[in-house]
Amino acid sequence: MQHVTQSRRKFISGATAVAGTAALGFPAIVSAQTPVSLRFQSTWPANDIFHEFATDYAKKVNDMAGGQLKIEVLPAGAVVKAFDLLDAVSAGTLDGGHGVVAYWYGKNTAVALWGSGPSFGMDANQLLAWHEYGGGKELLAEIQKAMGVNVVSMMYGPMPTQPFGWFKKPVTKVEDVKGLKFRTVGLAIDMYSAMGAAVNALPGGEIVPALDRGLLDGAEFNNASSDLALGFQDVSKICMLQSFHQSAEQFEIMFNKAKYDALPEHLRHLLRYAAQASSADMSWKAAQRYSQDYMKLQNDHKVKFYKTPDAILQTQLKIWDDMIAKRSAENPLFKKVLDSQRAFAQRIGRWHGDTTVNYRMAYNHYFARSNKPA
């Protein structure tokens, strides 16, 4: 028994010494490392909630990295123009950035399918599910290789359905769009053009000044919070809600591929998992802020919101069918993405439609009599 007791004491003493050495040594190892700094730029003005979403992602990374990595986020225009971000990140002028893949539509039309159009009835979260588990990640990497860009992209942040647009008067029929000078981006350019609009793809910060100077008659951007911050309510009092032009979009976090690949494995994991955490956090924050600003636009700025007529929505679907047939014939990668999305949407859409209860029924049960119609 005495021998056993002494052995135990010897083991505990030795283990304590090892633990003490480890406790002293670990901070020394970390402090000896040179922190990795990544310089990011968003495609958004500093006062836009989208730029806030970009800084939210950076904060999550910085908080979890333990001093080993730090992301600094600059607003659009700080280093390059918003639409020049992809080239800047690819070239290494910037280490990374935050935007939407539809902005790179000019390099390959297929990238616009991450958000443009009706996505075969999928919402933004379902499209993200396709990206993560239905082959989207692999297809995007293939397209980026064909584009010749040196980036790694992470899709995150499901966006709610975007408005049809801001106008000088309510849009009641497709003919009302004909001849209007209108702002949109990506494949939505084709959709609005097919409805007769003269489209100009301006970055977010340039839209309201163009509306104010009469260079545009109407425009769409994204959501109540962004539209409020950009000042749409100062140049228009009419907003048409619901559209299929961008009903399932999400954000993109991108990194220079060489810079990303050079990071230690655990930091690469951290960047990816931070994107997933930010996706959830962004959707929660958006629900809170968008709903608040939606009411503020109505109550404080007297903006009138109208539902886009079903006839216009049906026209959008018909136009989209013609567009994707044409684009598929021109671009095999475009067709490849569509085929993948269609197969995924047919299964997930049936499951979602069959199992999801009608939330509007419950909402009307509690609030319909207390709400005034828009």
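Predicted model: local features only at pLDDT ≥ 70, side-chain atom pairs only at ≥ 80, totals over all residues.
Residues are numbered from 1 along each chain as its sequence is written, and side-chain values use heavy atoms, with hydrogens and water left out.

The protein chain holds 13 helices and eleven strands (DSSP runs, H or I of at least four residues for helices, E of at least two for strands, numbered from the N terminus). Of its 374 residues, 47% are buried (under 20% relative accessible area, 1.4 Å probe, protein chains only). Contact means heavy atoms within 4.5 Å. Among contacts between residues at least 6 apart in sequence, 78% join residues at least 24 apart.

Helix α4 (residues 124-133) and helix α12 (residues 332-355) have axes that come within 10 Å and cross at roughly 125°. Axes are lines fitted to C-alpha atoms over the stretch in contact, with angles from 0 to 180 degrees between N-to-C directions. Q126, L127, A129 and W130 of α4 meet V337, S340, Q341, F344, I348 and H352 of α12. By class, this contact has six nonpolar, four polar and no charged residues.

UniProt, in an unreviewed entry, places a "binding site" feature at F221. Such annotations may be inferred rather than shown by experiment. F221 lies in the loop between β8 (218-219) and α8 (224-230). F221 counts as buried because its relative accessibility is 6%. Not counting residues up to four places away in sequence, F221 touches residues including W44, D48, R183 and F232.

Methods
Nonpolar A, V, L, I, M, F, W, Y, C, P; charged D, E, K, R; others polar. Buried < 20%, exposed > 50% of the residue type's maximum accessible area, 1.4 Å probe, protein only.
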